[in-house]
Amino acid sequence: MEDAKKLKRLVKSVWVFNWFNSCGFTEILPVVGSRWDMERFGMIPVASPRHADCLIIAGYQTEKSIRRAQRIYRQMPKPAVVIGLGSCSMSGGMYWDSYNTIKRLSDYIPVDLYIPGCPPRPEAILKGIMSIFREVEDHA
Amino acid sequence: MIMKVLLAMVVPVAGILIGLLYKGIDRILAARMQGRVGPPLVQPLRDVRKLLVKENIVPDDAVGWLFSSMPFVALVSVMAILLYLPLGITPVLEGYGDLILVLYLLIIPSLALVLGGFASSSPYASVGGQREMVKMMSYEFPLAIAVISVAWLLYSSGAENVFSLSVISGTHVWGLAGIPGLAGLAVIFLCMLFVIPGELGRIPFDVSEADSEIAGGIFAEYSGRNLALFYLADAVKAVAIASLAVALFLPYTVSGIFGLGGAAAPAADFLFHLLKVFFVLFVSSTVVRVVTGRLAISRVVSVYWKYPVILSFLGLLLIMGGTLI
Ligand code: SF4
């Protein structure tokens with residue numbers, strides 16, 4: 001119950017930290033910009049993991065960069081959610097047979113939501129985030 | 001007396017609410033200027049409410065007590081400034097402090113930021129702290145000249161106690177100056193508007209936070225409640241510095257025009273003051289923040305020491321010349 005209350009406050013103002021080392025960044029950029037404007041929902045990008053409520057991991061992660069991602073996740077104040085963006089984060093995507101990319105994000109980090117696509121359309125990202133909002137509303 | 005105590009409790013809280021309200025307005029206006037819809041008006045309040053339920057992390061290597069006490073120092077000091085400023089009504093602590101005290105109090109929140117940044121053990125925050133100090137050096141000088149010139153103008157018109165804020169806001173400076181003095185005042189008002197974004201750490205002078213270079217700078221390690229306190233301090237500081245500018249340069253009231261009396265007069269003056277504060281903040285912070293990008297750290301000092309300092313000296317000379325003629 002306590003947690004549900006906290007989450008309800010949380011979704012009213014989501015500060016997003018974006019971690020990427022791939023084409024992933026192009027996936028989230030339009031959502032920040034003026035066309036899809038995520039600030040409408042109180043979401044803004046922040047620069048420090050300490051401020052973040054939501055970690056968006058965009059695209060594939062290599063063996064090396066996943067360690068940084070895990071470190072970022074540990075640095076975030078809880079409660080926090082992790083979103084995996086793009087098919088690379090789900091299955092390795094087009095790097096499925098690469099020797100140094102990880103294949104499934106949730107083997108390494110507790111992922112709350114995957115958004116498929118290569119890259120996902122901004123609408124898909126907004127829809128994914130909306131589904132989190134709904135989930136919280138329903139359970140509170 | 002009871003009235004005073006009551007006001008002393010109400011004013012800082014009202015300051016916080018007004019600050020958050022302006023933050024909301026600022027974000028909506030900025031969004032509209034960029035062709036976006038922007039967040040709802042109450043978004044800053046939601047941000048604070050959210051930050052209050054988040055985990056409050058104190059890094060292992062940080063100097064704990066300094067790290068956690070600085071947000072309080074910042075918020076309390078800016079709330080104290082509001083008690084000395086005429087907010088359309090006479091200052092709550094009338095007679096206990098003057099303009100010079102307000103100038104000193106305005107330094108404390110920035111110093112708290114610097115100390116908090118250094119105490120947090122993060123290299124990003126240390127860099128941010130150093131940048132904040134450099135920035136303080138650059139904007140304090142034009143601010144001091146602006147204050148001195150207004151005081152000079154009052155002094156030469158024969159006013160006593162020229163640094164008392166109720167004297168300053170009781171006199172209409174624009175009526176005192178001659179033609180050269182008017183030009184000088186206009187220039188100095190411009191410099192004051194120039195100082196505000198630096199004082200508030202807004203774009204183009206947000207070098208000490210610099211999201212894209214040093215990851216939030218001073219705030220890099222702050223989270224949860226501490227970050228919320230800094231957020232509130234920033235909101236109140238905007239109200240305080242804009243109120244100072246209004247008291248110095250736009251000290252007009254409306255209650256006389258409409259012939260209001262009794263309790264309606266201070267209420268109307270207070271609302272009108274808010275309008276002026278929002279106007280000053282809109283011109284000096286919101287518009288500037290949208291149309292410019294961040295200056296490189298090496299340019300902040302030179303920009304401040306070249307244009308506002310030279311301009312405000314010019315304004316001071318014009319005002320002095322005007323009073324001597
Ligand atoms: S999902 Fe597609 S766009 Fe995203 S990182 Fe992988 S290959 Fe790039």
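Helices here are DSSP runs of H or I with at least four residues, numbered from the N terminus. All views show a predicted model.

**View 1. Helix α1 of chain B and a nonpolar surface patch.** B:Leu17 lies in helix α1 of chain B. This helix, residues 2-33, gives the nonpolar patch its largest share, 3 residues. The patch is made up of B:Val13, B:Leu17, B:Leu21, B:Leu41, B:Val42 and B:Leu45. Together these side chains belong to residues with about 480 Å² of accessible area on the surface.

**View 2. The contact between chain A and chain B.** Chain A brings 25 residues to the contact and chain B brings 29 residues. About 2,300 Å² is buried between the two chains, and carbon and sulfur atoms account for 54% of that area. On the side of chain A, 30% of the area buried against chain B is supplied by A:Arg9, A:Glu39 and A:Arg50, more than by any other three residues.

View 3. Chain A and chain B are joined by 6 salt bridges. A salt bridge pairs the side chains of A:Arg50 and B:Glu221, with an N to O distance of 2.7 Å.

**View 4. The side of chain A that touches chain B.** Helix α1 of chain A, residues 2-10, contributes 3 residues, the largest share of this side. By class, this side of chain A holds 9 nonpolar, 7 polar and 9 charged residues.

How values were computed:
Residues are numbered from 1 along each chain as its sequence is written. Chains are lettered from A and ligands numbered from 1 in the order in which they are written. This is a predicted model: local features need pLDDT of at least 70, side-chain atom pairs count only at pLDDT 80 or more; totals for chains, interfaces and linings use all residues. Side-chain values use heavy atoms; hydrogens and water are left out. Patches are made of residues with over 30% relative accessible area and no salt bridge: like charges are joined within 9 Å, nonpolar side chains (Val, Leu, Ile, Met, Phe, Trp, Tyr) within 5 Å. Accessible areas come from the Shrake-Rupley method with a 1.4 Å probe; for residues, only the protein chains shown count as cover. A salt bridge is a side-chain nitrogen of Lys or Arg within 4 Å of a carboxyl oxygen of Asp or Glu. Helices (H or I, at least four residues) and strands (E, at least two) are DSSP runs, numbered from the N terminus. Contact means heavy atoms within 4.5 Å. Buried area is the accessible area (1.4 Å probe) that two parts lose on being put together, summed over both. Ala, Val, Leu, Ile, Met, Phe, Trp, Tyr, Cys and Pro count as nonpolar, Asp, Glu, Lys and Arg as charged, and the others, Gly among them, as polar.
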